[in-house]
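This report describes how the chains of one model pack against each other. The sequence and structure come first.

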Amino acid sequence: MNALLTGAALFLLINLVAGLVRVLKGPTRADRMLAALLFGSTTVAVLLILAELQGMAALRDVALLFVLLAAILGVAFVGLPEAHPEDPE
Amino acid sequence: MSMSEAAAAMLLLLGCLFYLAGTVGLLRFPDVHARLHALTKADNVGLMLVCAALALLSGSLRVAALLGLIWLLGLLAATVSAHLIARHARRHPEAHR
Amino acid sequence: MSLALDVLLALALVVLAILTVAGPGLFRAIVMFIVFGLMMALAWARLGAPDLALAEAAIGAGITGALLLGAFRALVRADPAKRRAAFRRPSRLALPVAVLATVLVAVLALALAELTPGPGTAGALARAALKDVELGNAVTGVLLLFRGYDTLLEIVVLLAAWLGAFALRGDEPPAPRTESAATVPLLDALLAAVVPLAVLVAVYLLRAGGHAAGGAFQAGAVLAAALVLLVLSGRLRPTPAPDLPQRVLLVLGVVVFGLLGLAMLIVAGQMLAMPGLWAVYLVEVAMMVSIATTLALLFAGAGGLRRAP
């Protein structure tokens with residue numbers, strides 16, 4: 001079972017790293033932001049798996065903090081100014 | 001491997017599959033609004049399946065309740081963020097960089 | 001397979017760090033930094049340091065991300081050309097400095113690998129002494145019982161940071177919000193769920209700090225994150241200066257910790273000694289309140305806060 005849990009954590013981490021391409025490419029700010037929020041959900045899953053794997057219950061509290069505070073980034077993001085006409089792309 | 005462990009393994013693998021679907025969607029979908037589906041649909045089902053698998057494995061009611069709370073909060077955060085991002089993308093379609 | 005996990009995590013951290021400081025585009029760098037925070041929490045988890053992972057989660061997800069996004073907004077509003085400012089070519093010194101730092105870290109790591117800890121290290125002594133007190137969490141124990149001066153001064157530093165920011169802020173009223181998030185109906189549901197839960201989680205973390213991962217700093221950061229959310233959603237508005245209750249909350253940690261420390265100097269003849277578990281929790285509660293207030297006021301522009309009309 002432990003091998004399966006480690007494998008799942010590794011697999012989710014690979015997913016996250018692959019998703020970084022979307023942050024690099026964009027093209028809009030909304031794309032980069034939603035990728036970061038998606039990574040938040042992946043990180044929570046990895047933390048929960050590590051909590052079980054390492055027998056460290058406190059990691060579930062870390063995951064709880066991440067999901068509790070995840071929406072703050074979304075709310076902070078919408079306050080961004082409008083794009084300027086002379087913007088490239 | 002006991003019955004509940006086998007079920008947990010199945011749920012875990014299925015959850016990973018949904019996360020993979022989310023990543024593929026994030027990379028391959030054509031625009032922001034389509035990609036939001038990856039954030040709100042695939043990943044939340046993935047998180048639910050992973051939480052269910054870990055709740056089965058832990059065998060403790062307290063841990064299962066905490067995992068349920070984490071999943072519900074994840075749903076709420078993804079819903080609100082997706083809504084805000086979609087709104088922002090619609091109002092400022094050209095907000096680059 | 002767990003080795004592969006650790007190697008991937010370490011590589012991802014290095015790549016994210018490079019992309020944060022060297023990539024083009026200010027906004028992209030901010031997102032990279034946010035993802036770096038997520039990876040850092042995973043790294044702390046792998047290293048078996050849940051206290052640090054908790055702090056990283058509370059500060060990274062709750063405060064710094066929102067702070068950077070707010071700074072980006074202010075920067076672009078002040079000078080739209082700034083958006084492309086991050087295209088600057090890196091300094092010529094960057095490569096030599098990076099190589100030097102790598103060599104330094106490698107040398108230190110080699111030295112550490114050869115080191116065998118003796119029997120009487122500070123960590124072992126602290127661990128042995130902690131058994132006498134009813135504190136299960138070694139981090140909280142060391143912070144309050146063995147390095148009380150440091151912990152007290154850390155709270156003073158936080159207060160000094162706020163005072164500095166308060167002194168530097170101009171007299172101009174807080175800038176108007178460009179696009180109000182307050183009109184989003186979903187936001188009420190979010191606030192109704194997140195704010196009470198954040199208070200509950202903060203108290204839980206403070207209580208847990210006695211025997212497991214947690215403590216005043218993590219709890220204060222979670223409370224501050226809830227206040228940040230209220231500021232972002234327009235429920236709390238910045239004011240030019242904090243009112244009297246807010247000033248009391250700002251200094252509460254320093255005052256309670258300092259007075260208790262002085263009282264112990266008179267009673268027990270030792271400054272900052274902890275007379276018991278109740279004193280530890282008293283100091284922790286006061287510190288949590290002050291940390292939350294300071295962080296939230298710093299986020300809101302170092303003035304005060306008031307309820308939106």
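In which helix of chain A does Ser41(A) lie? Ser41(A) is part of helix α2 of chain A; helices (H or I, at least four residues) and strands (E, at least two) are DSSP runs, numbered from the N terminus.

The model is predicted, so local features need pLDDT of at least 70 and side-chain atom pairs count only at pLDDT 80 or more, while totals for chains, interfaces and linings use all residues. Residues are numbered from 1 along each chain as its sequence is written, and chains are lettered from A and ligands numbered from 1 in the order in which they are written.

**Ser41(A)**

Ser41(A) counts as buried because it has 26 C-beta neighbours inside 10 Å. A residue is buried if 20 or more other C-beta atoms lie within 10 Å of its own, exposed if 12 or fewer, and partly exposed in between, with C-beta atoms placed from the backbone. Not counting residues up to four places away in sequence, Ser41(A) touches Asp43(B), Leu47(B), Gly74(B) and Ala78(B). Two residues are in contact if their C-beta atoms, placed from the backbone, lie within 7 Å. Ala63(A) is 22 residues from Ser41(A) along the chain, and their C-alpha atoms are separated by 9.2 Å.

The contact of α3(A) with α3(B) has 15 nonpolar, four polar and one charged residues. Ala, Val, Leu, Ile, Met, Phe, Trp, Tyr, Cys and Pro count as nonpolar, Asp, Glu, Lys and Arg as charged, and the others, Gly among them, as polar. In the contact of α2(A) with α3(B) there are eleven nonpolar, four polar and no charged residues. Ser41(A), Val44(A) and Leu48(A) are among the α2(A) residues there, and those of α3(B) include Gly74(B), Ala78(B) and Ser81(B).

**Chain A against chain C**

Between these chains, 42 residues of chain A are in contact with 50 residues of chain C. On the chain A side, α1 (2–25), α2 (29–53) and α3 (58–77) each supply at least two residues, and the largest share, 16 residues, comes from α3(A). By class, that side has 32 nonpolar, seven polar and three charged residues.

Val228(C) touches Ile72(A), and within chain C it touches Gly62(C), Ile63(C), Ala66(C), Ala296(C) and Phe299(C), not counting residues up to four places away in sequence.

**Chain totals**

Chain A has three helices and zero strands, and 71% of its 89 residues count as buried. Chain C has eleven helices and two strands, and buried residues make up 36% of its 309 residues.
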